[in-house]
Amino acid sequence: MTTRAPKDFREFLAAIRTSGDLLEVHDEVDWDQELPGLGRLSCERNGPAFLFDKIKDYSPGWRLVTNPIANWRRMAVAFGLPADSHIKRLYETYAAREAKPIPPVVVKDGPCKEVVIPADKADLFDLPVPMVHDGDGGRYVGTWDLVVSKDAKSNWVNWGMYRFMIHNEKLMTGFPRPTSHLGKMLLEGYVPQAKPMPIAIAMGCDPLSHLAAAATFRLGGNEADLAGGLRERAVELVKCETSDLLVPASAEVVIEAEVYPDRVNQEGPYGEYPGYRSGEMGNAICARVTAITQRRDPIWTLDTTGFMDSSATSTSITGAIAIQRRLEANNIPVKAVYVPPEGGIHLAIVSVQRGGAEVAQKIVNVLTVRRALISKVIVVDADVDVFNMPAVLHALATKCHPANGIHVVRYQGKANTLTPAYTQAERQTRSGASVALDSTWPPEWPADETPVRATLDSMYSPDVQKRVLARWNGLGLA
């Protein structure tokens with residue numbers, strides 16, 4: 001059974017409450033690590049989302065939700081699918097809806113405007129922003145956000161998901177990579193003109209709008225259109241108070257700000273999505289708050305980043321689809337792509353109709369042309385289900401030649417600096433490498449010399465398979 005995707009964050013919460021995937025906590029919980037710690041443990045144990053309605057030091061009007069779509073059950077509900085839908089169905093649903101974008105509509109008002117706080121009265125510490133991890137450089141606003149920015153030279157509007165650390169009551173420091181869309185807009189459009197760059201950080205939008213913001217999307221593409229397609233209905237947008245930027249009207253909280261073109265401040269370290277605290281404190285962009293708008297009884301959203309967080313599941317889908325599209329555009333005979341959340345967005349599995357060293361090398365070359373977020377790619381034959389990790393591991397262990405099956409590309413200036421294995425020197429120069437692990441049979445091997453898998457579907461006749469499956473089902477086995 002399929003229903004419509006939730007129209008806003010509150011409808012989503014009602015849906016996961018019904019599915020049994022939301023746990024409400026009414027006891028007071030400390031914003032300083034205790035609350036995020038509960039969210040972190042839930043990620044690691046595939047547990048529910050938490051809704052906290054009593055946060056230490058904050059009024060009862062504030063509530064906080066952790067890790068909205070950090071597992072496949074909640075992701076399925078966000079799409080309007082049954083909570084127990086298979087991962088493959090989620091991938092197929094995303095791909096189908098991505099192909100049918102729906103432009104947003106602009107409205108005059110929305111719930112995010114119920115309370116308007118001007119710059120002189122805005123205080124970032126009035127927001128229940130948690131201290132997520134021990135050792136973080138500060139309290140982070142952007143762990144599950146939607147950051148709106150606009151190109152200085154065109155009508156291109158970007159939605160991204162970027163971290164921002166509170167520096168003081170009015171200032172935030174952020175970490176958009178120079179290769180990110182926001183970073184590109186800032187460095188190429190606003191810095192040369194010495195103009196401040198307006199941004200808007202929206203919290204608590206409908207989950208598929210956040211998914212679109214986290215998506216690996218093309219340069220010049222508007223994620224608001226993508227979100228409309230994923231939701232199967234247009235996103236309603238409303239104009240900001242202090243800029244012409246448009247934000248989702250149903251957002252719980254919107255922080256309007258300007259990024260200085262000529263000023264930096266200290267930011268980090270932070271326990272990021274790869275599952276490690278990578279890097280140290282360093283210079284980052286500096287943004288000044290120009291207004292805060294919110295609902296009367298707002299809900300703050302938090303992704304307790306680390307192993308198996310919401311970014312892992314969201315990028316699993318969006319990143320995999322983007323990889324498949326790119327490989328297809330380069331005439332690589334790709335069948336399916338999976339980015340397992342357990343890999344911290346550093347690993348992709350690609351199945352191809354025809355493998356071999358040439359195909360594996362081409363795959364890693366294509367995926368490192370502009371920027372290299374994924375450092376490891378396992379290439380498997382078409383008969384290996386990319387969503388079946390035991391089958392993938394078996395292919396890697398038995399078919400990847402330990403000397404000839406490794407294909408490496410090295411680069412400078414475009415590496416993912418959050419890759420834990422990189423040295424500090426490599427992070428500073430954005431130097432790194434990506435590797436394809438060719439786990440396919442060489443195409444030149446004759447069929448009668450290619451090993452046959454000792455599995456039911458490969459080593460038994462169709463008649464025997466049919467009888468075995470019938471007997472299995474007759475025994476009441478799932």
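Predicted model: local features only at pLDDT ≥ 70, side-chain atom pairs only at ≥ 80, totals over all residues.
Local features here need pLDDT of at least 70 and side-chain atom pairs count only at pLDDT 80 or more, while totals for chains, interfaces and linings use all residues. Residues are numbered from 1 along each chain, and side-chain values use heavy atoms, leaving out hydrogens and water.

Start with the sheet: five strands, open, in the order β16-β17-β18-β20-β19 with mixed pairing (strands are DSSP E runs of at least two residues, helices H or I runs of at least four, numbered from the N terminus; pairing takes at least two DSSP bridges). β18 and β20 run parallel, joined by five bridges.

Helix α9 lies across β17, β18, β19 and β20 and runs at about 25° to β19 (axes are lines fitted to C-alpha atoms, for helices over the stretch in contact, with angles from 0 to 180 degrees between N-to-C directions). Its buried residues are Val359, Ala360, Ile363, Val364 and Val366 (buried means under 20% relative accessible area with a 1.4 Å probe, protein chains only). They sit on the same side of α9 because they cover an arc of only 165° around the axis, taken from the directions from the axis to the C-beta atoms.

Ile363 turns up again in the largest nonpolar core, among the residues of its 93 that touch the most other members (a core joins buried Ala, Val, Leu, Ile, Met, Phe, Trp, Tyr and Cys through side-chain atoms within 4.5 Å). Domain 1 (9-302) and domain 2 (310-439) both contribute, so this core lies between them; the bounds come from an automatic or database domain assignment.

Conventions. Buried < 20%, exposed > 50% of the residue type's maximum accessible area, 1.4 Å probe, protein only. Contact = heavy atoms within 4.5 Å.
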